[in-house]
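Thanks for making time. Have the model up on your screens, please, and we will go through it together.

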Amino acid sequence: MTSLRDLSLALRSGELSPVEHVRDVLERLAADRHNAVVTLDAERALATAEERAAELARHEWRGPLHGVAVGVKDLFDVVGLPTRAGSAVLADAPAATTEGAVVARLREAGAVIVGKLSTHEFAYGPTGDVSATGPARNPHDPTRITGGSSSGSAAVVAAGHLPLALGTDTGASVRTPAALCGVVGLKPEYGTLAADGVFPLAETLDTVGILAADTHSASVAWDVLSRPDGTGGGIQPPGIRGAHVGVLVDDYWQAADPVLAEAVRESLRLLEKAGAEIIEIRTPFVGELAASYAEIVGAEAYATHRDWLATRRADYQPETVERLEMVADRPAHAYVAAQRTRKRLSAEFRAAVADMDVLVSATTRLRATPIGERTVDGVSVRSAMLALTSPFNLTKWPSVSVPAPVPPGELPGGVQITGVRLEERGILRVAGTLERD
């Protein structure tokens, strides 16, 4: 995979020109075999790269993303490109004429947006294999899912095409594909990155997120997108001595895959060796909290799609229609009750873990499963890809998936680090302790 640190240094020093870098990326994306790319913006990307090169020749440097090629999930509006959200419903969507704050911030920081990346249809699924353009394929095994819904964003980073891509995360959609593809996926605290110019799934929970090759790259991107000066300070030294690390031990939090279960245990050993204090945490309320997720997302998604379902039903993927129509007749009071449950139990969760700096669990219960399979060894694939991540959308805490320490030759998996007292840079610092050299 591509190191943002090395790439940025090469661009700034003149060892590599932005034009050379962007042309190489465009060629790689055009040849991609993982069905990860929706639209390339080649002409404008090369023109922008030439502008960035001219700035460097004048000793003008916008920061660590100057001249760096970046892709965005096809939920983000990008001027000059249509937003189709993985659906034939939007097959004739016109080119966007405006774009949101996050895309604008990337441009201001000197990044070169090269195109749009695949998504599970309307982001309504954690597998990444339901789309009008067909299933995204895992770079580690093209017969298996990438995870979703930010399927293309994870795949292009894992394949080494891009150092960085944007996704969205409503319940799993950055962290799950990161885990299954073996990259880093950061879901910031809800609301810290503006979601304007992004097609919604459920506004109560939708969060703009980052997929990157490593924690340093994710930290740089986070700094650029979130700091007022946009400079990007990079990841802090990985020291975590004295950190209170809560390990979630209820049955709910356990991985079904024994390789993932062992990876969590090994991660805890690494964190303890680095000086962290490991503390067992029980969350008897988590099942009730998690149950509110489907009610909230279902109601909000159906509100968005109700009119189209009435007039464009045949243009949706069958699985998306099935999921939307399941909630069509749900009463309004069920949604209100779910929101109240979310607020009440999020507060209870916070109180239960108030002394923790971070919480640790597997990111998913299974690793990448065969494309199209919905049950594996008696385990629901959708639940396995969603259950361990969605509680932290409900609580709105920052959370990151980092590649799990699995044996060589095994499919990748993820370990999830969730911040309680630590914010985004803090959880990336903890996650960096688990990265292999």
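First, the ground rules. This is a predicted model, where local features need pLDDT of at least 70, side-chain atom pairs count only at pLDDT 80 or more, and totals for chains, interfaces and linings use all residues. Residues are numbered from 1 along each chain as its sequence is written, and side-chain values use heavy atoms, with hydrogens and water left out.

Rings first. The whole structure gives 10 aromatic pairs. A pair here means Phe, Tyr or Trp rings (the six-membered ring for Trp) with centres within 6.5 Å; planes under 30 degrees apart are stacked, over 60 edge-to-face, the rest tilted. Take Y252 and W253: edge-to-face, 5.2 Å centre to centre, with 80° between the planes. W253 is buried, at 2% relative accessible area. Buried is under 20%, exposed is over 50%, and partly exposed is in between, using a 1.4 Å probe and protein chains only. Ring pairs join Y252 and W253 with F285, F349, F392 and W397 in a cluster.

Which residue lies over the face of W61? R12 does, 3.7 Å from the ring centre. The charged end of R323 sits over the ring of Y124, at 3.9 Å from its centre. The test for both is NZ of Lys or CZ of Arg within 6 Å of the ring centre and within 35 degrees of the ring normal.

Now the cavity. There is one of 30 Å³ or more. A cavity is a set of points on a 1 Å grid over the protein atoms alone where a 1.4 Å probe fits but cannot get out; lining residues have an atom within 4 Å of a point. The largest cavity holds about 80 Å³. It has 14 lining residues, and the closest to its centre are A123, G125, P126, Y293 and L386.

Next, helix α7, residues 215-226. Helices are DSSP runs of H or I, at least four residues; strands are runs of E, at least two. In α7, 11 of 12 residues are buried. Among them are H216, W222 and D223.

Last, the backbone. The peptide bond from G148 to S149 is cis, omega near 10°. S149 is in the loop between β3 and α5. Two non-glycine residues to check: H59 has phi near 65°, and A85 has phi of about 55°. Are they buried or exposed? H59 is exposed, at 75%. A85 is buried, at 0%.

Terms used
On a 1 Å grid over the protein atoms alone, a cavity is a set of points where a 1.4 Å probe fits but cannot get out, and a pocket is an open set with protein on both sides within 12 Å along at least five of seven lines; lining residues have an atom within 4 Å of a point. Grid points are joined across faces, edges and corners, and a volume is the space filled by probe spheres set on the points.
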